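My entries are recorded below.

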Amino acid sequence: MEVKLAGGSGQVFMARLLLLIFCMWVPVLGRVQNASVSSSSANVVTIGALFTFNSFIGKAAKPGILAAVEDVNSDSTILEGRKLKVIFQDTNCSGFMGTVEALQLMEDNVVAVIGPQSSGIAHVMSHVMNEFHIPLLSFGATDPTLSALQYPYFLRTTQSDYFQMHAIAALVEFFEWREVIAIFVDDDYGRNGISVLGDALAAKRAKISYKAAFTPGATENEINDLMVGVNLMESRVYVVHVNPESGLSIFSVAKVLGMMKDGYVWIATDWLATVLDSSDTVDPDRMNKLQGVIALRQHIPDSDLKKSFTSRWDKLKNKGISSINSYAFYAYDSVLLAAHALDVFFKEGGNISFSSDPKLHDTNGSKLHLSTLHAFDGGHQLLQTLIGMNITGLTGQLQFDSEKNRIHPAYEVLNIGGTGVRRIGYWSNYSDLSVITPETLYKSPQKANSSNHLYSVIWPGEITAKPRGWVFPNNGKPLRIGVPNRVSFEEFVAKDKGPLGVRGYCIDVFEAAVSLLPYPVPRTYMLYGDGSRNPDYSDFVYQVVENKFDAAVGDITIVTNRTRIVDFTQPFMESGLVIVAPVKETKSSAWAFLKPFTVQMWAVTGVFFLFVGAVVWILEHRINSEFRGPPSQQLVTVFWFSFSTMFFSHRENTVSTLGRLVLIIWLFVVLIINSSYTASLTSILTVQQLTSRIEGIDSLISSNEKIGVQDGSFAWNYLIEELNIPVSRLVHLRDKEEYAEVLKLGPKDGGVAAIVDELPYMQLFLARTNCLFGIVGQEFTKSGWGFVFQRDSPLAVDLSTAILQLSENGELQRIHDKWLSNKECISQLSQVDENRLSLSSFWGLFLISGIACFVALTVFTFRALFQYRRYSPEEGKDEEDEIESPTRPSCLDFIDKKETEIKEALKRKRQPTDSSDG
């Protein structure tokens, strides 16, 4: 938005300038033109060329334009016998002169203008071309804002800086830098390009930390003053976006200031490649200033057309230019595109004619002769034809997207070293960074997914290791590190009379991590808090956000709302909220043996003992004499057998297969129940018990009793905002002594029922109080402690790596053992109900046993019924026999009989039948 406003004010000034030019120039035009004119010659089509002749770009562009005109005029298939004529005008790097020269071209009835090379001049000329409907084909104006709808007749035949800035952002992301400093010329070209760079970096979580702008034409002294200030800043990644004529001054000054040595990163936009490509001879002094620089160059695919044009360059080039640069190709293609579009324009029935602009008319007494200025009647048709063209030129496919940018933008990534330039990769908006040419990736899309890398880079100072990209500001100020001035749990962090001014576990971890960094970190510790109570840690973290501290070191918990405003390092201590309550030893009772099982569990277990005993009796009664006898004896046998299996001491043997199956499964169930009972009883007899009704986070929320919270802890807000606990229930606690006091008093005597605090504090507290209190339930949050830095601070990343190294080499544990007690309260705190075993833990076993009993009884029943049916008297006997034959016993009497008796009776029943058959 700021760029647009600045550009708008500049455009108002240029509009006034245009009006002044019209006042001076239009009377001259009025004497030579009529109100309505047509082309002076039907066989000649005139176009204009407007750029700065004596410049790196202009020296290459003019031979390219002449070569294109020659090729078009020698090709009879283009323009149908018409000849293309070009009129050159020199802008002399001046927006004022560019506008004057543009008005001069209007006098020659041009139908299109090639140029300009300058984005600033292009902004001004676009207003003129809009008024006279003349398409403006620029081969060098790369300002992204020129694609706006405000300039409908502007068409860029080169690449927009929009894509170049995204290429730079991709490099910054690839090398994992977070901040850059932009050095640019303060004009439309520089400002608007850097504005796009800021947006592109933001999309990749990076940013421009400082914008160093200098005026066009700045002296070397002015540039020196600018660079001195830049060198005092933190970032060491510089993006240089300037004009070719002034860019080398930046590196000359940087060399003098010692900014071309190791640790620095320089990224230049395509202006530097233009300068280097424009000379065949190698200038050792120039190359010495550019060692290790990364530069971009517009990528032009290799082709036969490109090779042919390059071979002709020696005949085309002007005196003073020894080599070809990319703008020669783009200037050539601009003319080629205009010629082909005009060819289509004529074939579609268009003709060249001019007419008065109704918006330009003279007022009474005016001597401006505005009515003599004419607009190109076919300008809009020609513009649409140009936008819709799709031809192949020296620079590849000439086709435009919906925003009038060329399709398939691509750049080469160059690394300057020694006396030459080395290509280390490519960037395109299709494949991002790659060592494979973009045109290859367009043809083979599957390669694009694995191509995001570059070849190795030789950085300033002739090093191959990637520079860190930042240093501490060279302004004499050490890193300001805030430290909480605690009054409790001083083992973690506290004020000290030593050289550092602070001490504790957190300080030792930070110092050990800093010692592992490959660079010095000047630092000073600054206490935060009045020393009477612990400071509020949320306010403490916010001091870093407000730049009162550069970092914060201490027992700072990593929580969500803090991560939104600051950066944390890797956690160096695990943490989480727990509940601490008073405990006492369990008093044993005469009925303690009943506590391992719930009432339901006891009832179901007893029922199953009887049920299994009854099932085994049924299965064994007919074949096992130990399960027979008088009813009273059999009832005793069932009870005895059932409960003796609990101790595996039953004396009765099982004979039937079904009985053995049921018994084996039941004995397995009994084994599990016995083992669980023993373990549960042991636990119940040795645990500590709560003197409070608080058993965990759920009972804490549902109760109405007071809760203690440490001063400054995030737990205060957490309990209120996340668990909806009223503020009236919370009590601020100052130190360990107050912890013990309020817990001993309890809620009825002005104390608290429980304390909510982080696990490291509570472990230390319990160890100091000989385990008079205990942790209730489990941790109900999971977090950790980390060091705090301002957003996007690269030091946070390096320290995170150092903390991991401390953890891996055991140093972190040694620091922990030095400051924190190894004594822990190992007794398990629990309620009896938590250790009691319920039916839910064993219903699967009972289900298996029950199914086994059911299956066994089912098989037994079907077998008995089958025997009972066969045992009944046969039909068809005479009445006398029927009377004499014994009556069929009842079902119960039949089941009560021995198995051997039934089998013998069935055998005797078959024998008479067998003899009668004989």
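Entry 1: I was working with a predicted model throughout. I looked up the aromatic pairs and found 41 of them in the structure. Phe-608 counts as buried because its relative accessibility is 15%. Phe-846, at a relative accessible area of 4%, is buried as well.

**Entry 2: a cluster and two lysines.** I asked which residues form one aromatic cluster. Among them I listed Phe-489, Tyr-505, Phe-572, Tyr-761 and Trp-785. I next looked for lysines placed over rings. Lys-736 lies over the face of Phe-489, 5.1 Å from the ring centre. Lys-306 lies over the face of Phe-329, at 6.0 Å from the ring centre.

Entry 3: I examined strand β10 (residues 265–268) and recorded which way its side chains point. Val-265 and Ile-267 point one way, Trp-266 and Ala-268 point the other way, and all are buried. In a regular strand, side chains alternate between the two faces of the sheet. I found strand β9 (residues 237–241) joined to β10 by 4 bridges, the two running parallel. In this pairing, Tyr-238 stands opposite Trp-266. I followed the chain from β9 through helix α8 (residues 244–256) to β10 and noted a right-handed β-α-β crossover. Strand β11 (residues 294–298) also runs parallel to β10, joined to it by 2 bridges. There, Ile-267 stands opposite Ile-294.

**Entry 4: a sheet of 5 strands.** I asked what the order of strands is in the open sheet. The order is β3-β2-β4-β5-β6, and the pairing is parallel. I noted β3 (83–90) and β6 (154–156) as the edge strands, each pairing on one side only. Strand β5 (residues 136–138) is joined to β6 by 3 bridges, and Leu-136 stands opposite Phe-154 in β6. Finally, I recorded that helix α4 (residues 119–132) lies across β2 (44–51), β4 (113–114), β5 and β6, and runs at about 160° to β5.

How values were computed. Residues are numbered from 1 along each chain as its sequence is written. This is a predicted model: local features need pLDDT of at least 70, side-chain atom pairs count only at pLDDT 80 or more; totals for chains, interfaces and linings use all residues. Side-chain values use heavy atoms; hydrogens and water are left out. Rings of Phe, Tyr and Trp (its six-membered ring) pair if their centres lie within 6.5 Å; planes under 30 degrees apart count as stacked, over 60 as edge-to-face and the rest as tilted. Buried means under 20% relative accessible area, exposed over 50%, partly exposed in between (1.4 Å probe, protein chains only). A charge sits over a ring if NZ of Lys or CZ of Arg is within 6 Å of the ring centre and within 35 degrees of the ring normal. Two strands pair if DSSP finds at least two bridges between them. A crossover is right-handed if, with the strands pointing away from the viewer, the path from the first strand over the helix to the second runs clockwise. Contact means heavy atoms within 4.5 Å. Axes are lines fitted to C-alpha atoms, for helices over the stretch in contact, and angles run from 0 to 180 degrees between N-to-C directions.
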